[in-house]
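Open the model in a viewer and keep the selection panel at hand.

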Amino acid sequence: MSLATQYCWLMLAPEFSNLVRKSQRTTRYLAGLRGRNEGVTICAPLHSLNSYTIRATEELLYYAQRQGLMTQATTIDGKAMAAELSAEISAATAKLVANGKAKPGLAVVIIGEDPASQVYVRNKKRTAEACGFNSVQHTLAENVSQEEVLSLIDDLNTDPAIHGILVQLPIPAHLDELTVTQSIVPEKDVDGFHFQNIGMLTSGNTDGAFVPCTPAGCMLMIEDQLGKDLSGLNAVIIGRSNIVGKPIASLLLKANATVTICHSRTGDLPQVARNADILVAAVGRPQMVKGDWIKPGAVVIDVGINRIEVEVDGEKKMRLVGDVDFAEAVNVAGAITPVPGGVGPMTIVMLMSNTLQSALRA
Ligand code: NDP
C-alpha cells in the first residue's frame with residue numbers, strides 16, 4: 001500500500017475485536033485527516049483484516065504524525081472520573097448506614113512535617129469526609145519511636161470503627177518502613193502494601209485482596225479507553241517500584257496485555273517505549289518521556305508528580321508536571337492523562353473504594 005494514496009476508508013469488522021479496538025483509536029486520527037481532505041486509508045476485504053493490515057494502520061499513523069496531520073489526543077479527565085466514583089461511594093456509604101451498619105472508618109497516620117505528605121493527607125481526609133466516612137488522623141512527631149508507631153497501629157488493627165489504615169509514606173529514616181507497613185492487618189491494609197495482598201495480586205487473585213490505589217486507578221482509566229480485555233496489546237511500564245510499577249504490571253497481565261517493565265538499567269528505553277499500545281510512566285523524572293518515544297495512538301498514563309521551577313512574566317513559580325512531556329505527547333498519543341488532574345485524583349478515590357470494600361466485608 002502506498003502511503004501517498006489519498007482518500008480511502010478503514011473498514012471495521014466487529015468480529016475482529018482486536019483490530020476494532022486498534023481501529024477505534026485509528027479512526028480518531030483518520031477523522032482528522034479526512035477533515036483536511038488529505039490522508040491515507042486502508043481498504044481491505046473483511047477476510048484479509050490481519051496483522052498486516054494492523055501494521056499498515058500503524059504505518060499510516062506514523063505517516064500522519066510526520067506530516068503534522070495528527071489530531072490531538074483525548075485528555076483522560078481523572079478529576080471527573082474520580083468525582084463520579086466518589087459520588088457512587090457516597091451513595092453506597094449512605095445505604096450502608098441506612099441498613100444500620102457502621103460508617104466506613106479510615107485512619108491515616110502521618111509522621112513528621114513533610115509538606116507534600118501533609119497536602120496528600122489533607123486531600124485524603126477531605127475526600128473521606130465527602131464520602132461520608134469516619135475519617136481519623138493521627139499526627140506523630142518526627143522523632144516518634146518505632147514502638148509507639150507499632151502500638152498505635154496495633155490499637156487501630158483491633159478498633160471495630162476503623163476499616164482502613166494507612167501510614168503516609170515516606171516515613172522518617174529511623175523507622176523501618178517494611179516493619180511498619182507489614183504491621184497493618186491485611187484486612188485493613190487499604191493501601192495494598194501487605195505481603196498477603198501483594199501475593200494475591202501477583203498470583204492473579206484480586207478478589208478479596210486490596211489492590212494498591214494508584215495502580216487500581218490507572219487500570220480504570222486504561223479500561224475506560226480500551227475495555228477490560230487487553231489481549232494483543234503491548235503495555236510498557238517505566239518504573240519498577242513496589243507501589244506503582246510492579247502492581248500495574250500484575251493488573252495489566254491479568255487483563256491479558258503483553259507487559260514489559262523498564263527501569264534505570266533498561267537499554268534503549270525510547271525504542272522499547274515506542275512499542276507500547278499502553279505506556280505507563282512512573283519514574284519521578286520531570287517530562288522525561290518525549291513525543292517521539294510514543295507510538296501514535298497509544299494510551300499514555302502519566303503517574304509522575306514532579307515540581308519544577310518555571311518563569312511566568314519574569315517571576316519564578318513552582319509548577320507540577322508529570323514524567324511525560326505533555327505538550328509533545330498530546331500530538332502523538334491517542335489518549336493521555338494530564339498532570340495534575342489525571343492519576344492523582346483517581347489514587348485518592350481508590351483509597352475510598354478500598355475502605356468501603358473493607359467496611360462492607362466487616
Ligand atoms: P520510585 O522512585 O520508587 O521508582 C522510580 C522507578 O523509576 C524505579 O524503578 C527506577 O529504576 C525508575 N527510573 C528512575 N530513573 C529512570 C530512568 N532514567 N530511566 C528509566 N527508569 C528510571 O518512584 P515511585 O514508583 O514511588 O513513583 C514514581 C513517580 O510517581 C513519582 O513522581 C511519584 O511522585 C509519582 N507517584 C504518583 C502517585 C499519584 O497518585 N499520582 C502515587 C505514587 C507515586 P530503578 O528501579 O532501576 O532505580
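A residue is called buried if 20 or more other C-beta atoms lie within 10 Å of its own, exposed if 12 or fewer, and partly exposed in between, with C-beta atoms placed from the backbone. Helices (H or I, at least four residues) and strands (E, at least two) are DSSP runs, numbered from the N terminus. The model is predicted: local features need pLDDT of at least 70 and side-chain atom pairs count only at pLDDT 80 or more, while totals for chains, interfaces and linings use all residues. Residue numbers start from 1 along each chain as its sequence is written.

**Whole protein.** Colour by secondary structure: there are twelve helices and eleven strands. Of the 362 residues, 43% are buried.

**Helix α9.** Select residues 245-254, which form α9. How many of its ten residues are buried? Seven are, so that the helix is mostly covered. The buried ones are G245, P247, I248, A249, S250, L251 and L252. Covering here rests on contact, meaning that the C-beta atoms of two residues, placed from the backbone, lie within 7 Å. Just past the end of α9, select N256, which has a positive phi of about 75°.

**Strands β5 and β6.** Keep these two strands on display. They run parallel and are joined by five bridges; DSSP must find at least two bridges for strands to count as paired. I237 stands opposite I261 in β6. From β5 the chain passes through α9 to β6, a right-handed β-α-β crossover: with the strands pointing away from the viewer, the path from the first strand over the helix to the second runs clockwise.

**V180.** Move to helix α6 (residues 177-182), where V180 lies. Why is V180 classed as partly exposed? Because 19 other C-beta atoms lie within 10 Å. Leaving out residues up to four places away in sequence, V180 touches V149, V167, I171 and L175.
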